Amino acid sequence: MTSPTPQPPTTPPSTGTVQTTDAPPAADAPGAYRETRIERAIGRGLAGVTARALAPYQTAVIRIGFAGTWLLFLLREWPHRQQLYGPAGPFDFGMARQLLDGNHALSVLVWSDGRGWFECVYFLAIAASALLMLGWRTRTMSVLFMIGVLSLQNRSVFIGDGGDNVIHLMSMYLVLTRCGQVWSLDARRARRAAARPAEDGAAPPRDVTGIVLWAALGLALAVAQLQGAAGLTWFGHGPFPHFGWSLALWGLWAAHGLWWAAQRYAPGEPRTVLDTLATLAHNAVLLVIMVEVCLVYATAGWYKIQGSRWQDGTAVFYPMHLDYFSPWPGLSHLLGGNGLMVMLITYGTVIVQVAFPFTLFNRRLKNVLLVAMICEHLSIAVLLGLPFFSLAMITADAVFLPTNFLTWLGGRLSHLRGRLFPGTGTAGPEAASGEGPPEGAARSGGDGHTLVG
Amino acid sequence: MRTGNGAGMQSYGDETRPLAALSLPSRIVIGTAASAIAVAALIHLAMMFLHVAPSNTLSKQQSGLISDYVYPEYEQNWKLFAPNPLQQNTDVQVRAQLRTPDGTSRTTDWTDLTARDGQAILHNPLPSHTQQNQLRRGWELLSSTLDAQNRPSGDRGEMFARYLRRIAMLRMSGEWTKNGDRVAEIQFRSRTTAVLPPPWSAEKVSDKPVYRVLPWWQITASELPEGATNK
């Protein structure tokens, strides 16, 4: 009775579990003590959010999606990079400095007005996006990716749009998730290491690359800190109130070192504790990401309801006739010429956006709405000429895609790759599609049937 | 309740160990961390909600707390085409006063920078932020700081005015100075035209453009972004 072992899918939704974990675990009850239902629920919830990092496929998809979107954007803007973010562009170094002195946002681009520094940062932002997409040293790359996104966007905040805004938020959230559990080079490396026959008494490989990367980044941060670089404060103007960027970055760096040391020298309980803490952070941030996506749709929908054009069914007509958002006027006019069609799309948009958060409680309905929203964003990409915004929004939607679909997709993609590049077969995500984790990993946890199931 | 690490999963630790098997200090650490993380996540979500929701009793009461938390890194706005989509096209136009090499001055015709953006976006599957956002957002920001005399007000207004001058010089200085002329001053105006209501609507909207003309602004050496010339 003290250890109810529920079927994974019956654990309560994570909204509940995270809230209820405020109380310390009530698990270690003495023999005669009967747990109340609430205590059992708390125990189950705590077990659910500490046992494993939930939704491995969904977090992998958003990692690939956001990193890929930002990578494509940076490559597309390569010819315009000086004009958008460079020290001698229309929004020049002095103006950027003035802006950031006022709002205290983080950007390494104001550390120097040299052109070389700018090129270096832009290139590193591209490299970090590519490596995060591939899942190479995922956690480290997620930090570098975040620094790249924040540095470029915060410096030139006036050229961004909604797509940039989504990537900005998600780049920070991704840092605290274990988004490289599947479909990553890290996962492949781990799989190969596990497949290697264990030699008795042999220490695990030293991981020279990891140590070098960690030491180099620590050195870089130390140099920046000693130079008094703008934005690196300990107790202010950071990601949270009274929690500066120095504290955040050094904390991540130290935690990474601690994790490595625990794995190597203390593989027992210390490692389990650290692992559980990382899992907790992952699951909490996963919840934050999901709620954030709901907030985007909820507010987009609620504000639309107040608008007369969304009420009279003509709203969709107008953006298609704005010069800045009609790359294909012929197509726009064709679609905008039919009053009934315009009304249906207008009402449909509002209904889908307002309803979306509530449909998460019904798996089938949620999936139907996801398809509708992804289709709408695909058409926005073309009709309104907003491909990067749409790609970012589709990625955000993808956090709610069902695991079955994702593993099926992964299987198809690796099958395709196997046919295109024979000989690279063993490496990819395909190995993931067969084994236990898909069912257990993503369905089990909190979100069960509805959110990610 | 765990079936172990499948081959596809990246292994992190000894995840098969249930919490109850850990020592008391470990359980205290995990319990404390779980509580702290849960509280942090809830505070974060509450702040995000209050930031994006319409101004309400609570967000008015706690506006200082909320903006301390949200700005600068969590700022967001999801009023996408809402409450109503934009129903007008605003064209930003610019002209210059040139000093010719023989010392006389002449004024150029108006150039419609927005129309050029539109041309660049037309049939372009991947419009650049330089074509879609730079001038459009720059003008929105500047016009929001203009006073009744169409002069920019405040530090921000000055910054946006300078930003606009630099955008214009980047785009136009090559054309204006190609005969050896020098740009002395430039002037902006906007032409706003309503998008006509759909053909099936009985609404009547004037299609007459509305102009907003800004004062002449001097061009100094500091108004030249990389790629612009003004001998």
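Does A:Leu106 count as buried or exposed, and how many C-beta neighbours does it have inside 10 Å? A:Leu106 has 26 C-beta neighbours inside 10 Å and therefore counts as buried, where a residue is called buried if 20 or more other C-beta atoms lie within 10 Å of its own, exposed if 12 or fewer, and partly exposed in between, with C-beta atoms placed from the backbone. The model is a predicted one, in which local features need pLDDT of at least 70 and side-chain atom pairs count only at pLDDT 80 or more, while totals for chains, interfaces and linings use all residues. Residues are numbered from 1 along each chain as its sequence is written, and chains are lettered from A and ligands numbered from 1 in the order in which they are written.

A:Leu106 sits in the loop between α5 (93-103) and α6 (115-134) of chain A; helices (H or I, at least four residues) and strands (E, at least two) are DSSP runs, numbered from the N terminus. Leaving aside residues up to four places away in sequence, A:Leu106 touches A:Leu150, A:Asn154, A:Gly231 and A:Trp245, a contact being a pair of residues whose C-beta atoms, placed from the backbone, lie within 7 Å. A:Phe356, by comparison, is 250 residues from A:Leu106 in sequence and 33 Å from it in space, C-alpha to C-alpha.

Chain A as a whole contains 20 helices and zero strands, and 50% of its 453 residues count as buried. Among the contacts in chain A with a separation of 6 or more, 71% join residues 24 or more positions apart.

One helix pair in chain A can be followed in detail. Two packed helices are described by the angle between their axes and the distance between the axes. Helix α3 (residues 56-76) and helix α18 (residues 403-420) of chain A pack at about 60 degrees with their axes 9 Å apart, the axes being lines fitted to C-alpha atoms, for helices over the stretch in contact, and the angles running from 0 to 180 degrees between N-to-C directions. That angle makes α3(A) oblique to α18(A), since angles under 35 degrees count as roughly parallel, over 145 as roughly antiparallel, 65 to 115 as roughly perpendicular and the rest as oblique.

Between the chains, 101 residues of chain A are in contact with 86 residues of chain B. Helix α12 (residues 269-305) of chain A supplies the largest share of the side of chain A that touches chain B, 21 residues, and by class that side has 53 nonpolar, 31 polar and 17 charged residues.

In chain B, helix α4 (residues 113-121) has as its buried residues B:Leu113, B:Asp117, B:Gly118 and B:Ile121. Seen down the axis of α4(B), these residues fall within an arc of 145 degrees, so they line one face of the helix, the arc being that of the directions from the helix axis to the C-beta atoms. They pack against β1 (88-99), β3 (111-112), α5 (129-132), α6 (134-144) and α7 (154-176) of chain B. Just after α4(B) comes B:His123, whose phi is positive at about 55 degrees although the residue is not a glycine. B:His123 lies in the loop between α4 and α5 of chain B and, with 11 C-beta neighbours inside 10 Å, counts as exposed.

The axes of α6(B) and α7(B) come within 9 Å and cross at roughly 150 degrees, which makes α6(B) roughly antiparallel to α7(B). The residues of their contact divide into nine nonpolar, two polar and no charged.

The loop between α3 and β1 of chain B holds B:Phe81, which has a positive phi near 55 degrees and counts as buried with 21 C-beta neighbours inside 10 Å. B:Pro83 is also placed in the loop between α3 and β1 of chain B, and the peptide bond from B:Ala82 to B:Pro83 is cis, with omega near -10 degrees.

Notes
Contact = placed C-beta atoms within 7 Å. Nonpolar A, V, L, I, M, F, W, Y, C, P; charged D, E, K, R; others polar.
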